[in-house]
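Here is a short report on one protein model.

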Amino acid sequence: MLLSGSDIIVKTLIEQGCDLVFGYPGGQILHVYDSLYKYQDKIEHILTAHEQGAAHAADGYARATGKPGVVISTSGPGATNIVTAVATAHLDSVPLIAITGNVPTYQIGSDSFQEIDITGITLPITKHNYFVNSVESLADILREAFKLAVSGRPGPVLIDVPKDVQEAMCEYEEKAPITPEERFPAKDIRIKEAAECINSCKRPYIYFGGGVLSGEAQDIMLELAEKIDAPIGCSLMGLSAIPTDHPRFLGMQGMHGHYASSTAMNNADCVIALGTRFNDRVTGDVSKFATYTKVVHIDIDGSELSKNVGANHGLRADIKLSLEKILPLVKQVNRPAWQKEIEKFKAEEKANADTREGMTPSNIISLLNTYINENTPVATDVGQHQMWAAQNLIFRKSRKFLSSGGLGTMGFGMGAAIGATFATKERSVLITGDGSFGMSLNELATATKYNVPMVILIMNNGVLGMIRQWQTLFFDKHYSNSILDRKSDFVKIAEAFSAEGTRATNLDELKTAFDKAFSHDGPYVIDCIIDKDEVVLPMMAPGSSMNEIITEVEAEK
Amino acid sequence: MNRYIVAVLVNNQFGVLNRVTSLFRRRQFNISALTVSETESNEFSRITVTFEGEEDNKQQLINQLYKLPDVCSIKELNNDNSVSSELLLIKMKNDPATREDIRAAADAFKAKSMDYSRDSIVFQLTGDSRRIDDFINLMRDYTILEICRTGIVSLEKGSSTIRKVTNL
């Protein structure tokens, strides 16, 4: 079949099982938009307010489903506008396909209008990228991009297609959807060594990250925990992989993690790290991190092994397949002494828990927990609200927590929540702050245009809360540029975008607001007023260790 | 600090060298020399990286390189398992007072005179890096006008080739 390059792009997307793309048109991608028009019965396009929102939406789509999300934008500013979102996906290993238009090949390199070297710009923030020189290579490059995005450790792939390549004609032959590269367990000898290490320890601890979600290793991990009688904690990226109320689960660990999980990891004599990378937000000062602990580390990406924390047993392999081989080799044991210690850590955590009444962050999220169901995707932005959400949300099913962990992108959540709703057909929740929401509230236009059922909970404290918290603790309360004092009325903003909204200043009002929001057909904004001096606790100060967890901060009066 | 030589076989396409060097830059690997050329097959280019650091850094460098889809295979080379060579061009000031000393040193090293003018002499020397360092150090007693060296190229001894290396 003789087709134009732009038709080939759209046909190949359809061939690869993509029926929904996010994007924004522009001069150098017009041919592709004409093809999207042509094939609109087979592939839907969601028009956002800004390319960044489109790319975050594609990212949210991918996080919620595990399938690659696709974003399309034009050259120049269209391409640079997706850069933050591509980097966000890269740091969190999200499969994302970004297709950008560019000026015709004969104009490349001449600084023509809206020309930008987007493959150069995105080199360090993509798994791989392509500049397509000829229409003949286009279909196979797209297929390869899909394969790369989902194989091994997932990640974003960008394809830059000059306008003349979109226009040129070429034979197209439909092919089957790609299959991801085959995954392998670790070598038997490595499996045996790892199992021996686990068998020889007395206080094992399982620490997992996003790799367990993308490798679908939850069930086998829980079996292992059961057999070796180990507690489990996770990084921010691991949240929602196992049910929050699972008896072995101590919660997220790290800078703002649960006291019990951070302390348990620090007291373990063997950490079994699965699909995680010992990020500085988890370890604090690496030199003081779990000093006497043996580390068994399994990751599909070999470069993560011994990158941040030295692994005694580093297995570059698929987690699920490796654990399936390790499981029969480990001894079934009960560890009453270790469990007793864990219970002690849990009790200490409980003693330090925030039990205040009223509009406190934990009460707000706890109330929200009674409205969401097991299928509700919850997205966050970045800051205090993100940590409160991570600490207090209750998940029952995987892929329900969508948060920018690695890059920490304020403005991520709005697009991500929209993308997640399109992907799952479920009402999504966005937990955001007044600062973060200010970075992406333009996407309310998208939410109302498509009547996306979503609850937007703005934890509004009038300040950049996390910045303020650090300034309180480490900068002598010099609140430099962290007091917003914007006088924005988020309810009126919602109404101006043709959404609905209400303000909640106490828990009763919040309950009424949730009642309305969760039965509303479309986006609903809740401006939830909280105190500016609420802090995220516990906290491990940057560069400190897990022995030095801050559990209280004197309130500013 | 140790010195490592790593040979990398990559797809022979434009932009691949940029991908490799960009990786070194952003991860702040301390590269002391880099050579690139086509190989026996026009499908592949060969990059030889000379790198100073610790064992961990080297392993991280290799692991990161393996993540680039354009990297086909990687082989670590050392003095025991490989032959290495480097080429130096050095331009010396041609001063009657030192001319004979410079020529004597060049003869001792079997450096070849490539250009001779009233004010300058250009020598070419090939050999391992140590030999080239030694010659340059000797020349520092006189006036060096310009130096250019290629960086190391290295091949494994015996019949095995880099293409036979399978991914870790």
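How many cavities of 30 Å³ or more does the count come to? The count comes to one cavity of that size.

## Basis

This is a predicted model, in which local features need pLDDT of at least 70, side-chain atom pairs count only at pLDDT 80 or more, and totals for chains, interfaces and linings use all residues. Residues are numbered from 1 along each chain as its sequence is written, chains are lettered from A and ligands numbered from 1 in the order in which they are written, and side-chain values use heavy atoms, with hydrogens and water left out.

## The cavity

A cavity is a set of points on a 1 Å grid over the protein atoms alone where a 1.4 Å probe fits but cannot get out. Its volume is the space filled by probe spheres set on the points, which are joined across faces, edges and corners. The largest cavity has a volume of about 50 Å³.

Lining residues have an atom within 4 Å of a point. Among them are A:I372, A:E374, A:F395 and A:R396. The lining divides into four nonpolar, two polar and four charged residues. Here Ala, Val, Leu, Ile, Met, Phe, Trp, Tyr, Cys and Pro count as nonpolar, Asp, Glu, Lys and Arg as charged, and the others, Gly among them, as polar.

## Aromatic rings

The whole structure holds 16 aromatic pairs over all chains. Rings of Phe, Tyr and Trp (its six-membered ring) pair if their centres lie within 6.5 Å; planes under 30 degrees apart are stacked, over 60 edge-to-face, the rest tilted. A:W470 and A:F474 are edge-to-face, at 5.6 Å centre to centre and 80° between the planes. They sit four residues apart in helix α21 (residues 465-474) of chain A, so about one helical turn separates them. A:F514 and A:F518 are also a pair: their centres are 5.8 Å apart and their planes at 65°, so this pair is edge-to-face.

Ring pairs also link A:F22, A:Y61, A:F422 and A:Y450 into a cluster.

Buried means under 20% relative accessible area, exposed over 50%, partly exposed in between (1.4 Å probe, protein chains only). A:W470 is partly exposed at 22%, and A:F474 is partly exposed at 33%. A:F514 is buried at 0%. A:F518 is buried at 16%.

Helices (H or I, at least four residues) and strands (E, at least two) are DSSP runs, numbered from the N terminus. Helix α16 (residues 361-369) of chain A has seven of its nine residues buried. Among them are A:P361, A:I364 and A:L368.

Methods:
On a 1 Å grid over the protein atoms alone, a cavity is a set of points where a 1.4 Å probe fits but cannot get out, and a pocket is an open set with protein on both sides within 12 Å along at least five of seven lines; lining residues have an atom within 4 Å of a point.
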